[in-house]
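User: I am new to this structure and should like to learn how to read its features step by step. May we go through it together?

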Amino acid sequence: MRCALSSDQKSIFDGLFGGFAKMNTLKRVNPSRLVLQIRSKHTLPELPYDYSALEPTICREIMELHHQKHHAGYVEAFNSAEEQLREALVNCNPNKVIQLGKILRFNGGGHINHSLFWENLSPHCTAPSKALESGLKQNFYSKEDFKQLMRDTALSVQGSGWIWLGWHKPSKTMKIAACCNQDPLEATTGLLPLLGIDLWEHAYYIQYKNDRAKYFDALWEIIDWKMVSKRYEKLRCLIEK
């Protein structure tokens, strides 16, 4: 049975799930044919370092819980929601499709965000490339001013969320943005992620209690600027072509 969605239902569907297409989760196809196009299940990515590699900044216990329990939980729930989405589309149930929107956004966002977050960290001391450092100066006057603005924005987030450095494609500039809960940066703001920091207490409470400022300052010392630089230069090259 094939379900033909109305134009209004298609608009709702695109608004809910368009951001996940960047992860190759969904192909850009007619939503009524999506059931045939969703790919294999998402999997928990392996960390590029050992669980204890970020000590003393982030202890092994936090890393194991964060990766094996929290991130793994988002992946499991995301896969389950996509399976329910398949069934809802086959059964022509737009109410169920809409109901799944928040679940997909939260858990899909959690998977996207954490997959980027692990790559943002490194046990090795790194520094921004000349291109990234120049870009930071152009957008934020200096690397120090950039850090202070990121810090101030992170501390102003109420409850749980993320702080991001993103690339604004239309203006070819970098911008700082905060997102609530697990809202993914690109789907929420249109910015392309360069650097993201998890502000949920599960990322630091065991070690830093409720001292987000101390956590932020410590985490800043293990940012993988080599990876951030690579993302920045890749985005610049794509736009310049």
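User: Is Lys209 buried, exposed or partly exposed?

Analyst: In general, buried means under 20% relative accessible area, exposed over 50%, and partly exposed in between, with a 1.4 Å probe and protein chains only. Lys209 has a relative accessible area of 47%, so Lys209 is partly exposed. Please note that this is a predicted model, in which local features need pLDDT of at least 70, side-chain atom pairs count only at pLDDT 80 or more, and totals for chains, interfaces and linings use all residues. Residues are numbered from 1 along each chain as its sequence is written, and side-chain values use heavy atoms, with hydrogens and water left out.

User: Where does Lys209 lie, and what is its phi?

Analyst: Helices (H or I, at least four residues) and strands (E, at least two) are DSSP runs, numbered from the N terminus. Lys209 belongs to the loop between helix H7 (205-208) and H8. Its phi is positive, about 55 degrees, although Lys209 is not a glycine. Tyr141 also has a positive phi, of about 80 degrees, and is not a glycine. Tyr141 sits in the loop between helix H4 (130-140) and H5, and counts as exposed because its relative accessibility is 73%.

User: How many helices and strands does the protein chain have?

Analyst: The protein chain has 9 helices and 3 strands. Along the sequence, their pattern is α-α-α-α-α-β-β-α-β-α-α-α. Of the 241 residues in the chain, 45% are buried.

User: How should I read the confidence, and where does pLDDT stay under 50?

Analyst: pLDDT is the predictor's confidence in each residue, from 0 to 100. The chain has a mean pLDDT of 88, and 83% of its residues reach 70 or more. Over residues 18-29, however, pLDDT stays under 50. Where pLDDT is low, the predicted coordinates should not be read in detail.

User: Which residues does Arg212 contact, leaving aside its neighbours within four places in sequence?

Analyst: Contact means heavy atoms within 4.5 Å. On that basis, Arg212 is in contact with Ala154, Leu155, Val157, Gly159, Leu199 and Tyr204, neighbours within four places in sequence being left aside. Its side chain reaches the backbone oxygen of Gly159 at 2.7 Å. Arg212 lies in helix H8 (residues 212-220) and counts as buried because its relative accessibility is 11%.

User: Which peptide bond is cis, and what does Thr57 touch?

Analyst: The cis peptide bond joins Glu55 and Pro56, with omega about 5 degrees. Pro56 is in the loop between helix H1 (7-17) and helix H2 (60-90), and Thr57 is likewise found in the loop between H1 and H2. With a relative accessible area of 14%, Thr57 is buried. Not counting residues up to four places away in sequence, Thr57 touches Gln207, Tyr208, Ala218, Leu219 and Ile222.

User: What lines the second largest pocket?

Analyst: On a 1 Å grid over the protein atoms alone, a pocket is an open set of points where a 1.4 Å probe fits, with protein on both sides within 12 Å along at least five of seven lines; lining residues have an atom within 4 Å of a point. The lining of the second largest pocket includes Cys125, Thr126, Lys143, Trp220 and Trp225. Helix H5 (residues 143-156) gives the most to this lining, with 3 residues.

Key
A polar contact is a pair of N or O atoms within 3.5 Å; within protein, one must be able to donate a hydrogen and the other to accept it, and residues adjacent in sequence count only if both atoms are side-chain atoms.
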